[in-house]
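Welcome! Open your viewer, get your selection tool ready, and let's take a short walk together.

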Amino acid sequence: MKLFDVYPLFDVNIVRGEGCKVWDDKGQEYIDMYGGHAVISIGHSHPHYVKKVSEQLSKIGFYSNSVQNKLQQELAERLGHFSGYDDYQLFLINSGAEANENALKLASFKNPTKLRVLAAEHAFHGRTSLAVEVTNNPKIVAPINDNHHVRFLPLNDVEPWVRELSRGGVGAVIFEPIQGVGGVQMATPEFAQKLAYACQRYHATLICDEIQCGYGRSGKFFAHQWLGIKPDIITVAKGIANGFPMAAVLISPDFQPVYGQLGTTFGGNHLACSAALAVLDVMEQEQLVDNARQTGEYLVEKLKGLKSDKIKEVRGRGLMIGIDLYGDQKSVRQRLLYEQHVFTGCSGQTVLRLLPPLTFTKELADEFIDRLQKVL
């Protein structure tokens, strides 16, 4: 049997990581400016994380959700306090797409006659049934998923959103406070506040997809907290467990749970909860949300100070940054990897996407700037 070939792969085999660096099987060191799609929140192989996950695995790694798991309740309490959402409810699952699936299902259960959904142009919310339907990329929407529930509207132009809501039939509105795959485009406070008000007025569930931009990455715990809104449902994944597959839905107290309404086999298992609790430990002890804000501001300032006719614009907040280039990003990204030994991501044809661990330092920022300058 061979692998189903759907990933274009770099010719690099990463075998070890520590902090904000990784090493390949030939011993070459790389600066990790991508964190495996924003997954590595507290750095590779953090000692506290390794200790806590190992201790849990030596006790029990998994049992089903048919029994009590007090780690789940501890995580709910800690996450509620740290994020500022003590009064919300927590549902634990495995992936970001699954989080968005369940968020959209909850919105539909609450408004069963309203089958329309509004999402942003260039949105990415996942690759599964409902999640891919609200993803603005026809190439990955299979015919069976294309059920015409969704209208895509421009980010930061609120009038079309209000107009669609006023027509009726909209059960849910979903958007990323900072778009990742969409090019590190940021929602404005004015747009978000007017949209939140319209959702309340027309009784539509407002969902903020914080899967990539949340969990401290923006310099606040949630990116929507820069916007002055409080969504009905928040979805998180990626950085929640530093690489262990885990995701969550934070649900307003306006939603009443019903037995059997949602479910999961692996979600919220003992090992996953242990990993997520270790992440919160490190984020608190090392003040990583503040570090993301301060180091991110420093890096953006340095990037904007580069004298290069190849850079069109630098966008982002905290440690979620997009470098919009004149021309294709592919050659710049490949030279950074193979010549300067730096991992970066991309968005579309022109944007280099930076999502380093939240432990990223100003010293590493300076080193990255030097290497980028050489490529540019």
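In strand 9, which residue is the bridge partner of Ile-207? Keep that in mind while you select strand 8, residues 205-209. One thing to know as you look: this is a predicted model.

**Stop 1: strand 8**

Colour the strand by burial. Five of its five residues are buried, so "buried" here meaning under 20% relative accessible area, strand 8 is mostly covered. Now turn the view to compare its two faces. On one side you will find Thr-205, Ile-207 and Asp-209, on the other Leu-206 and Cys-208, and both faces are covered.

**Stop 2: the neighbour strands**

Next, select strand 9, residues 233-236. It runs parallel to strand 8, and three bridges join the two. Here is the partner we were looking for: Ile-207 pairs with Ile-233.

Click on Phe-175 and you will see Cys-208 of strand 8 opposite. To follow the chain from strand 7 to strand 8, trace it through helix 7, residues 189-201; this β-α-β crossover is right-handed.

**Stop 3**

Finally, go to the segment before strand 1 (14-18) and select Tyr-7. Is Tyr-7 buried or exposed? Its relative accessibility is 62%, and because the cut-off for exposed is over 50%, Tyr-7 counts as exposed.

Methods. Residues numbered from 1 in each chain as written. Predicted model: local features only at pLDDT ≥ 70, side-chain atom pairs only at ≥ 80, totals over all residues. Heavy atoms only, no water. Helix = DSSP H or I, 4+ residues; strand = E, 2+ residues; numbered from the N terminus. Buried < 20%, exposed > 50% of the residue type's maximum accessible area, 1.4 Å probe, protein only. Pairing = 2+ DSSP bridges. Right-handed = clockwise from strand over helix to strand, strands pointing away.
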